[in-house]
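Here is my note on the model you sent. Please keep the 3D view open as you read.

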Amino acid sequence: MTHIIQFTTVHPRTDVRIRIKEVASLHRHLDARVDLFVQDGLGDEIDATHGFAITDTGARPKGRLARMTKGAWRMFRAVRQAGPDVAHFHDPELIPVGLLLRLSGIKVIYDVHEDLPRQVLNKVYLRPWLRGGISKSVAAIEWVAGRAFNGVSAAVPSIAARFPRDKTILVRNFPAPEDITAPMVRPYADRPAHFTYIGGLTEVRGTLQMVAAMDLVPDSSARLQLAGKFQQQSHRAAAEATPGWAYVDDHGWLDRIGIADLLSNARAGMVVLHPTPSHVDSLPVKFFEYMAAGLPVISSDFPMLCEIIEKTGCGLIADPMDPASIAKAMTLILSDPQSAAEMGARGKEAVAQHYNWHAEARTLIAFYHDRLGIPLRAQPTA
């Protein structure tokens with residue numbers, strides 16, 4: 001039987017795109033053994049829902065350099081020893097591992113979640129004068145990799161455009177039905193004046209602007225619900241020093257049920273990312289998760305997101321750098337609950353019809369079947 005391994009040294013074994021969407025879909029539809037290799041020191045397990053194996057290749061080394069060298073080498077040895085027919089990896093720092101596996105006769109797929117050359121230009125831990133050269137070097141390495149590997153799976157069109165057309169597929173990170181678990185959905189009209197943001201809390205994701213906007217919303221009962229982790233203590237301190245912090249509830253990291261509870265008690269979801277090169281052409285998964293939960297979206301005024309909002313009528317746009325613009329959108333949501341509820345309903349319907357994982361899964365499965373020659377199951381597993 002054909003053996004497929006998806007592997008990562010960066011993402012957790014609970015990563016929704018990798019485990020719940022990609023690995024589970026391939027395991028269900030392909031006549032192949034599909035495994036997930038991770039590096040977290042938590043031990044091996046069998047996925048209780050889908051039945052595929054998860055192999056732990058040891059605790060993740062401390063520090064970025066150690067992870068990229070010792071951790072990558074350990075993952076290479078583990079995958080090579082397992083001897084799969086196809087190796088599908090998710091971290092750009094594993095490109096050397098992918099090349100070594102390709103030289104070993106294994107078919108390799110590079111799953112590109114984010115536009116790394118553009119991201120490098122905004123890495124705060126890199127000196128500004130280094131970023132341009134590193135960005136060009138990363139782009140060159142990916143150019144070589146794209147031609148050496150058997151396939152590339154890109155998360156957004158701008159990423160797909162950088163790789164060979166004949167071996168690249170677009171697999172967007174749209175939500176699956178199981179992404180949002182809402183044990184109780186509170187009627188929209190009965191919800192408090194809450195706005196929610198779910199995800200990492202960093203400067204370029206608009207934390208300070210969201211917090212500052214709260215001080216400008218006329219409704220004194222309005223609150224911002226944050227569910228995520230501040231990646232820098234100095235950024236948290238800056239947010240706490242902003243007057244709008246008095247209207248913020250910081251929940252820290254929440255599991256899927258905790259997130260579902262926040263979403264079912266909110267009036268709108270916030271996606272006010274800064275206009276960095278990597279954000280402008282992105283399709284943030286939280287944007288679609290808010291839609292799937294029936295929430296209006298308050299979004300940065302980026303072309304792709306504006307197009308979706310205009311097409312579906314699922315929310316409002318704002319200048320992500322201007323707290324007054326964000327506060328204006330919040331105020332419009334609160335001032336007309338009926339219109340806001342209709343936005344949320346339209347967004348939920350749009351996800352059910354178009355912006356969902358099912359179509360993306362079909363693209364991924366067809367690529368494995370048509371290009372790599374892996375047979376389909378006669379009957380998908382339950």
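1. **Ground rules.** This is a predicted model, with residues numbered from 1 along each chain as its sequence is written. Local features need pLDDT of at least 70, side-chain atom pairs count only at pLDDT 80 or more, totals for chains, interfaces and linings use all residues, and side-chain values use heavy atoms, with hydrogens and water left out.

2. **The eight-stranded sheet.** Helices (H or I, at least four residues) and strands (E, at least two) are DSSP runs, numbered from the N terminus. Two strands pair if DSSP finds at least two bridges between them. Eight strands form an open sheet, in the order β3-β4-β2-β1-β5-β6-β7-β8. The pairing is mixed. Its edge strands are β3 (45-46) and β8 (168-170), and each pairs on one side only.

3. Start with β1. Five of its six residues are buried; buried means under 20% relative accessible area, exposed over 50%, partly exposed in between (1.4 Å probe, protein chains only). β1 runs parallel to β2, and six bridges join the two. I5 has D35 in β2 as its bridge partner. Next, look at β5 (residues 86-89) and β6 (residues 107-112). These strands run parallel too, joined by four bridges. V86 has its bridge partner in β6, namely K107.

4. Which strands does α1 touch? Helix α1 (residues 16-29) packs on the sheet and touches β1 (2-7), β2 (32-38), β3, β4 (53-56), β5, β6 and β7 (151-154). Contact means heavy atoms within 4.5 Å. The direction of α1 makes about 165° with that of β2. Axes are lines fitted to C-alpha atoms, for helices over the stretch in contact, and angles run from 0 to 180 degrees between N-to-C directions. Helix α15 (residues 357-370) also packs on the sheet, touching β1, β5, β6, β7 and β8. Its direction makes about 160° with that of β8.

5. **The six-stranded sheet.** Another open sheet has six strands, in the order β11-β10-β9-β12-β13-β14, with parallel pairing. β11 (248-250) and β14 (315-318) stand at the edges with a single partner strand each, so one side of each has no neighbour in the sheet. From one strand to the next, the twist averages 25°. Two bridges join β9 to β12 (residues 268-271). F195 stands opposite A268 in β12.

6. **Helix α9.** α9 packs on this sheet, touching β9 and β10, and its direction makes about 150° with that of β9. In α9 (residues 256-263), G258, I259, A260, L262 and L263 are buried. The buried residues of α9 pack against β9 (194-198), β10 (223-227) and α11 (285-292).

7. α11 and α14 (residues 337-353) pack at about 110°, with their axes 7 Å apart. That makes α11 roughly perpendicular to α14. The cut-offs: angles under 35 degrees count as roughly parallel, over 145 as roughly antiparallel, 65 to 115 as roughly perpendicular and the rest as oblique. F288, M291 and A292 in α11 meet G344, G347, K348, A350 and V351 in α14. Now take α13 (residues 323-335). Its axis and that of α14 come within 5 Å and cross at roughly 105°. α13 and α14 are therefore roughly perpendicular to each other. I333, L334 and S335 of α13 make the contact with P337, A340 and M343 of α14.

8. R67 is found in α2 (residues 64-82). Is R67 buried or exposed? It counts as buried, at 18% relative accessibility. Not counting residues up to four places away in sequence, R67 touches T9, V10, R60, P61, A72 and E93. L101 lies in α3 (residues 95-103) and counts as buried, at 0% relative accessibility. Neighbours within four places aside, L101 is in contact with F7, F76, V79, R80, A87, I106 and V108.

9. C314 counts as buried, at 0% relative accessibility.
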